[in-house]
Amino acid sequence: MCQLLGMNCHGQHDIMFSFRGLASRADEHKDGFGIAFFEGRGLRHFVDHHSARRSPLAELVKSYPIRSDNVIAHIRKATQGQVALENTHPFQRELWGRYWAFAHNGNLKDFQPRLHAAFRPVGQTDSERAFCWLMQELAKAHADVPSVEELTRTLAELMPQIAAHGTFNMLLTNGEAMWAHCSTHLHYTLRGFPFGSAVLQDEDLTVDFGSQTMASDRVALVATQPLTRDETWTPFGSGELLVFRQGALLRT
């Protein structure tokens, strides 16, 4: 299956150390990669159906000075839908005048919801269908943009309906908060003052976060498998939905 990476922060932070750790796992997950990150209300979105190990776009992203407070990245191992650009995560849509980004790890069997014209998939993946259905149901449940707490309550009702069809590990963000749902494998770590150093799990690469941060900064990272060796990564429970805002865990 695929691998996920999400970052939610108080203050803007560099994602490239973590993205390099994710990309190092692209030998097995070679069917595409993507990253979406917010700059204010704007969303930068890079996807390629080639492996993050050999994609020229991946090399560009690795050298791009990405600093953001909400990021989703994904490396794909295809289960449904051909290896093609339109099937590459993260996906994006607009709702209530805000961009939303979504990525999924898993396989949903016989998930064929009825979708109206506002939210329709471009590709053939179960993941994009799930994203379109979530956007559709959120739009039906709320006439205007609700609070993060209201959105969390609605998503908590919707997630089990999708997860009933198979494995549904996902990340979703609107640039204000990040929601993470786990069926099988998902972990998170919280970084705060005093910041220390970390070493990547799959590469001999170390970063000193203390030299790059301020006392007020907070960072929440979510990944399919822990990306670093010397930080505490907490596993999600099966069926658990967590929401992160400004680098803090808001709700189980």
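Pro-90 is found in the loop between β4 and β5, and in this predicted model a cis peptide bond joins this proline to His-89, with omega at about -10 degrees. Most peptide bonds are trans, and most residues other than glycine have a negative phi.

**The chain as a whole**

- The secondary structure of the protein chain comes to four helices and 15 strands, and the C-alpha trace spans about 50 × 40 × 35 Å along its principal axes.
- The radius of gyration of the protein chain is 17 Å, which agrees with the value near 18 Å that a compact globule of 252 residues would have.
- Buried residues make up 56% of the 252 residues, where a residue counts as buried if its relative accessible area is under 20%.

- A polar atom of the side chain of Ser-68 lies 3.0 Å from the backbone oxygen of Asn-70.
- Leaving aside its neighbours within four places in sequence, Ser-68 is in contact with Met-7, Cys-9, Gly-11, Gln-12, His-13, Phe-37 and Phe-38.
- The side chain of Arg-93 has a polar atom 3.0 Å from the backbone oxygen of Arg-120.
- Once its neighbours within four places in sequence are left aside, Arg-93 is in contact with a list of residues that includes Tyr-99, Trp-100, Phe-119, Arg-120, Glu-128 and Met-135.

**Two loop residues with a positive phi**

- Asp-110 is found in the loop between β6 (98–105) and α3 (126–141), and its phi is near 55 degrees, a positive value in a residue other than glycine.
- Asp-110 counts as exposed, because its relative accessibility of 70% is over the 50% cut-off.
- Gln-246 lies in the loop between β14 (241–245) and β15 (248–251), and although this residue is not a glycine, it has a positive phi of about 50 degrees.
- Gln-246 is partly exposed, because its relative accessible area of 42% falls between the cut-offs of 20% and 50%.

**A buried residue in another loop**

- Phe-195 is found in the loop between β9 (187–192) and β10 (197–199), and this phenylalanine counts as buried because its relative accessibility is 13%, under the 20% cut-off.
- Phe-195 and Arg-218 are 23 residues apart along the chain, and their C-alpha atoms are separated by 9.4 Å.

Notes: Residues are numbered from 1 along each chain as its sequence is written. This is a predicted model: local features need pLDDT of at least 70, side-chain atom pairs count only at pLDDT 80 or more; totals for chains, interfaces and linings use all residues. Side-chain values use heavy atoms; hydrogens and water are left out. The radius of gyration is taken over C-alpha atoms; the globule rule is 2.2 Å times the number of residues to the power 0.38. Buried means under 20% relative accessible area, exposed over 50%, partly exposed in between (1.4 Å probe, protein chains only). A polar contact is a pair of N or O atoms within 3.5 Å; within protein, one must be able to donate a hydrogen and the other to accept it, and residues adjacent in sequence count only if both atoms are side-chain atoms. Contact means heavy atoms within 4.5 Å.
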